[in-house]
Amino acid sequence: MNLAGRISRLRGEGAFEVLVRARALEATGRDVVHMEIGEPDFPTPANIVAAGRKAIADGFTKYGPTQGEPELRQAVAEHVSATRGIPVSETQVVVTPGAKPILFYSMLALLEPGDEAMYPDPGFPIYEGVIGASGATPVPMPLLESRGFSIDLDRFADALSDRTRLIILNSPQNPTGGTIPPADLQAIADLVAERDLVVLSDEIYNLIAFDEKPTSIASIDGMADKTIILDGFSKAYSMTGWRIGYGVFPQWIVDAICLLQVSATSHTATFTQRAAIEALRGPQDSVQLMVEEFRRRRDVIVNGLNSIPGIRCARPGGAFYAFPNVQRTGMSSSELAERILQDAGVACLAGEAFGACGEGYLRFSYATALDRIEVAIGRIRRLLTRS
Ligand SMILES: Cc1ncc(COP(=O)(O)O)c(C=O)c1O
């Protein structure tokens with residue numbers, strides 16, 4: 001018996017594979033600086049942990065509504081209204097175990113064989129895999145380093161077709177840390193205004209922005225009705241293991257998403273949802289402190305990488321990734337990432353793990369302590385000045 005063909009379309013996450021190899025190296029006694037995983041190194045804030053504990057003690061341990069607890073959906077609607085400047089009703093919100101199911105459910109609900117869906121390249125590898133598994137054709141949308149890793153608008157316009165049903169945007173972005181400027185969002189909105197398609201705007205890094213506040217395409221005139229906003233708690237509230245995220249959908253899609261969720265997981269853990277209410281309604285100072293620390297680290301890693309011969313690194317506006325161009329080292333990005341791991345003891349990811357346009361780049365997650373980032377820079381500098 002063979003596996004279904006759709007399984008071969010899915011793509012794993014390179015970060016987990018590199019983590020396994022880095023751990024194997026550590027098991028031999030080597031010190032490794034971990035810059036491969038996209039997970040904040042801060043603990044979940046104490047008030048959120050306390051709310052989760054209390055929820056379990058209070059008996060929030062049973063089945064609940066598929067769409068999510070009404071109080072949490074209300075808190076999400078208020079949060080998204082305030083941060084994106086658009087009216088959002090709690091009836092549009094679906095709470096999921098992590099933000100990833102929003103991708104899965106949206107694509108299963110909207111895409112069919114013969115459809116096309118556009119995704120950023122380089123981009124979060126899950127996009128291409130799930131588009132493919134849905135039966136639709138993934139169409140890469142190149143990002144340009146020269147435009148701060150925003151979209152190549154000419155190629156975007158050329159790639160749009162009558163079969164385009166879904167466009168995935170991600171800002172601030174994984175793996176580049178780039179943000180899409182408002183003028184580009186407006187240009188995209190103009191190009192899709194008359195088209196029968198949906199934009200899935202992955203805004204999971206929305207609160208982790210260093211310069212301007214990111215703009216959501218949903219806030220552009222006419223776009224709210226054709227935009228799904230994906231967001232969650234994993235990154236901004238350091239809640240990766242709690243598994244909680246959400247989508248804000250045009251109302252006509254919500255029932256289909258709930259049908260998929262009741263078929264797959266029933267709903268998100270009840271006590272986790274209580275903790276998430278505290279995340280949104282409680283004090284926000286831990287988010288601010290974390291973002292300030294990420295900003296300090298960003299400056300150290302970007303300046304450090306730019307001081308190494310053969311490396312050029314753009315200054316990212318958000319998330320916690322640096323995506324240096326390493327073409328002038330003369331090595332492919334996978335060869336260089338391997339040498340940096342084996343010879344310098346620094347774990348990072350080759351850019352092509354994020355799509356063909358990622359070749360020639362590396363991704364460093366700076367969700368690691370400042371002194372470890374400095375150690376990593378020193379080691380990479382020694383490696384590249386000696387070779
Ligand atoms: C761009 C992007 N979208 C979505 C997710 C998924 O988030 P979650 O862990 O909440 O499922 C990630 C996590 O790495 C991400 O980087």
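Reply: Helix H1 gives the largest share of the lining of the largest pocket, three residues. H1 (14-27), H4 (100-110) and H5 (125-133) are the helices that each supply at least two lining residues. Helices here are DSSP runs of H or I with at least four residues, strands are E runs of at least two, and both are numbered from the N terminus.

Do keep in mind that this is a predicted model, where local features need pLDDT of at least 70, side-chain atom pairs count only at pLDDT 80 or more, and totals for chains, interfaces and linings use all residues. Residues are numbered from 1 along each chain as its sequence is written, and side-chain values use heavy atoms, with hydrogens and water left out.

The largest pocket holds about 530 Å³ of space. Its lining counts 30 residues, and Glu13, Gly38, Lys100, Phe124 and Lys235 are the closest to its centre. A pocket is an open set of points on a 1 Å grid over the protein atoms alone, where a 1.4 Å probe fits and protein lies on both sides within 12 Å along at least five of seven lines; lining residues have an atom within 4 Å of a point. Points are joined across faces, edges and corners, and the volume is the space filled by probe spheres set on them. By class, the lining has 15 nonpolar, seven polar and eight charged residues (Ala, Val, Leu, Ile, Met, Phe, Trp, Tyr, Cys and Pro count as nonpolar, Asp, Glu, Lys and Arg as charged, and the others, Gly among them, as polar).

This pocket is where the ligand sits, in the sense that more than half of its atoms lie within 2 Å of the grid points. Around the ligand are 13 residues, the closest being Asp202, Tyr205, Ser234, Lys235 and Arg243; to belong, a residue needs a heavy atom within 4 Å. That shell splits into five nonpolar, four polar and four charged residues.

Now for the ligand's oxygen atoms. Ser234 has a polar side-chain atom 2.6 Å from one oxygen atom of the ligand, Lys235 places one at 2.7 Å from a ligand oxygen, and for Asn174 the distance to a ligand oxygen is 2.9 Å. The protein buries 93% of the 400 Å² that the ligand exposes when taken alone (Shrake-Rupley areas with a 1.4 Å probe).

Asn174 has a further feature: its peptide bond to Pro175 is cis, with omega near 20°. Pro175 lies in the loop between strand E6 (164-170) and helix H7 (182-192).

Definitions and conventions:
Polar contact = N/O pair within 3.5 Å; in protein donor to acceptor, adjacent residues only side chain to side chain.
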